[in-house]
Every structure is written in C-alpha cells, then in structure tokens.
Amino acid sequence: MKDIAEAFNVSVATVSRALKDSPRISEKRREEIKAYARKHHFSPNLIAESLRSNKVMKVIGVIIPQYTHYYFSSVLSGIDEEARSRGYRLMVAQSEERYEQEVDICRSFYDNKVCGIIVSQAKSTSKYTHFQELINRGLPLVFYDRICTGLNTNRVVVDDYMGAFSAVEYLIRTGCRRIAFYGSSMNLEISKNRYNGWRDALLKHNINPDGCVVRTCDNRDDAELITPEVLSGDNRPDAFFAVNDDTAIGIMYTAKRMGLKVPDEVSVCGFTNGQRALACDPMLTTVDQHGREVGKQAAKILIDKVEGISPLEKVEKRVVRTKLVIRGSSKNVE
C-alpha cells in the first residue's frame, strides 16, 4: 500500500479508502488506484488486517480429498487435536478429487476469512494458480501427503520412498521375486516416491523391475477388475505391493476368490494401516503412515505462522517416519 501511495503521491490512508470504495475518494481516483493495484497483483494481507482490527479469525481451513478415506480422516483428527489445544477451530471441506471443486473451496475459505489453509491436493490438480493466489495474499498454506511440487510451500509428508522400499525388501526376504506394483497416477509425488522405493528394492536384490507387473490402480473396485487378468498370466506375481490398503484388500479378495492361498501362493502388502487392515482375513501387512502425527505437525506449522512464532516467509518441510507392520498377508522371513 505504501508503494501505491508513493506512485500516486497520496497517503496510505487514501489508498486504503480507495480500495474499499470509500465515497470520500473521487470515483476517478478510486478506479485509478484499483486498476494500479490489479496490474501489480496487490491484495491486502488478511492476517495483518485482522491483527490491526483486533479481530483475529482463529479458524483453520482444511481441504481433504475424501472424507471416507481412513488416512485423511486420521490426519484430520491430528489437525483437530492440535488446533483445539491452541484455541483454533476447523472449517473442513472435501475436494472429491476434483480440481474445480478445490479451486472453489480455496475461494470460499478466503472469503470466510480463515487464518490459514491445510490441504492435500486433488488427484486431478495440475494447475496451481489458486494456491499461488493464497500465498500472494499472505495466507499461510501447508500441504500434507499430496504436495504441490510446483510451489515452494510448507509441507508435511511421510517417507514414502523408504516406506515402500522397506516393505518390498521384506517381501523379497520372504522369498518373493515377482512383486507387482499397483499405484496412483504418476503426476502425484507420493506415487512417484512409492514406485521408486519399489523399484530400488528390486534392483538392490538383482530383480529386473521390467519383468514385474505395474498397474495404475489405487482403489478396491479397480483392483478387483484388473487383478484376475494379472493373476491369470503366464508370469503370475507371487506378491503385490499396493499404494494403499483398500487396493491391497481388493487384490487379496480377488486372489482368494480365484482359489489362491494368501500368503502361501500370493503375498499382499498395503500402505496406510487403517482399520480395514485388521478387518480382513488374513489381516493385512501394511506400512503405517501415522496420519494423526502428520495432521498435528501440519497444524503446528500453520498456527506458528499465524501467531508469528515462525516467519511467514520461512518454508517449513517436515517428514514423518513410516513403520512396516507385518501381519498374515505376507510370509515370515525364513
């Protein structure tokens, strides 16, 4: 606002009034100032304005891709726990994996004067201008799980690469050699990292990844559709590593329906460690993502930015360690 005031040789107060359409400023001057502000991508700092007016909105906007996904609900629990302990409330919305809905939620959150946003981007998101606009407006933004690699922003992730590497290496140690990979679209960083962990574990043990099955599949319905063909092939996998538990359970259900014994003939490993991993038979070997801790860390970063404990311009990047949980869907190491 000082820059705009200098450009027009007026006071900051005059600029402020013009941007708020005050009748105390002539219409011509108001339009000139607003046009200049738009041209130079100016928008008022929401947090600074709230602090000046002593009306800090202690509400955090949270965007999750799906309410029904165990991992996202566990992250939300962690965010809520940390937020409530520091006097903040949540405004939560789901993108339903749709880019357009994600954009609308961001606008709605800004209009409702949240003090910051915690988000896991939708699968279909490939443009990030809606996130950049929030950053330009001085609104703290923290990504979790699915991060936006196109922007240098605050983020909390799990060690997807090592989680996948450790899981696949364990399957190899149990005697498996033809380990299939079911993952999400490679435009998501988590899918790339889990794929690379799978691949490098195979290479470490002199197994050619090109000889193993790779499919884009990240839900149970699709797993049940494509797995019969995979298991009917000449080079049938002796193990599957899936990007999440629901996909792994779909694979296991299909294998059992086809008369294969799990884990004697086919081992299965997932990635989440939700309640469904305990409800299937046999119980699922999986990688624990510690979603609750991811949520707590994301909320800590955001609230520290809002309260000035951590500088807004300092980008925070935190990694939560995973843990392989061995259950009945994989063989024991001999």
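Trainee: Is Cys106 buried or exposed?
Mentor: Cys106 is buried, at a relative accessible area of 2%. Buried stands for under 20% relative accessible area, exposed for over 50%, and partly exposed for what lies in between, with a 1.4 Å probe and protein chains only.

Trainee: Where do these values come from?
Mentor: The model is predicted, so local features need pLDDT of at least 70 and side-chain atom pairs count only at pLDDT 80 or more, while totals for chains, interfaces and linings use all residues. Residues are numbered from 1 along each chain as its sequence is written, and side-chain values use heavy atoms, without hydrogens and water.

Trainee: Back to the sulfurs. How many disulfides are there?
Mentor: The structure has 0 disulfides, a disulfide being a pair of cysteine sulfur atoms within 2.5 Å. Cys106 is in none, and its nearest cysteine sulfur, in Cys148, is 11 Å away.

Trainee: What about phi at Glu97?
Mentor: Glu97 is not a glycine, yet its phi is positive, near 65 degrees. The residue belongs to the loop that runs between strand S2 (89-94) and helix H6 (99-111), and it is buried at 13% relative accessible area.

Trainee: And His290, what is its phi?
Mentor: Also positive in a residue other than glycine, near 50 degrees. His290 lies in the loop between S10 and helix H13 (291-306), and at 30% relative accessibility it is partly exposed.

Trainee: Now H2. Which of its residues are buried?
Mentor: In helix H2 (residues 12-19) they are Thr14, Val15 and Ala18. Viewed down the axis of H2, these fall within an arc of 100 degrees, so they line one face of the helix. The arc is taken over the directions from the helix axis to the C-beta atoms.

Trainee: What does that face pack against?
Mentor: Helix H1 (2-8) and helix H3 (27-39). Contact here means heavy atoms within 4.5 Å. Just after H2, Asp21 takes a positive phi of about 60 degrees.

Trainee: Zoom out. How many helices and strands are there?
Mentor: The protein has 13 helices and 12 strands. Its C-alpha trace spans about 80 × 35 × 30 Å along the principal axes. Of its 334 residues, 51% count as buried.

Trainee: How many contacts join residues at least 24 apart?
Mentor: Among contacts between residues at least 6 apart in sequence, 73% do.

Trainee: Last one, charges. How far apart are the mean positions?
Mentor: Those of the 49 positive and 43 negative charges are 5 Å apart. Lys and Arg count as positive and Asp and Glu as negative, with His and the chain ends left out; each charge is placed at NZ of Lys, CZ of Arg, CG of Asp or CD of Glu.

Notes. Helices (H or I, at least four residues) and strands (E, at least two) are DSSP runs, numbered from the N terminus.
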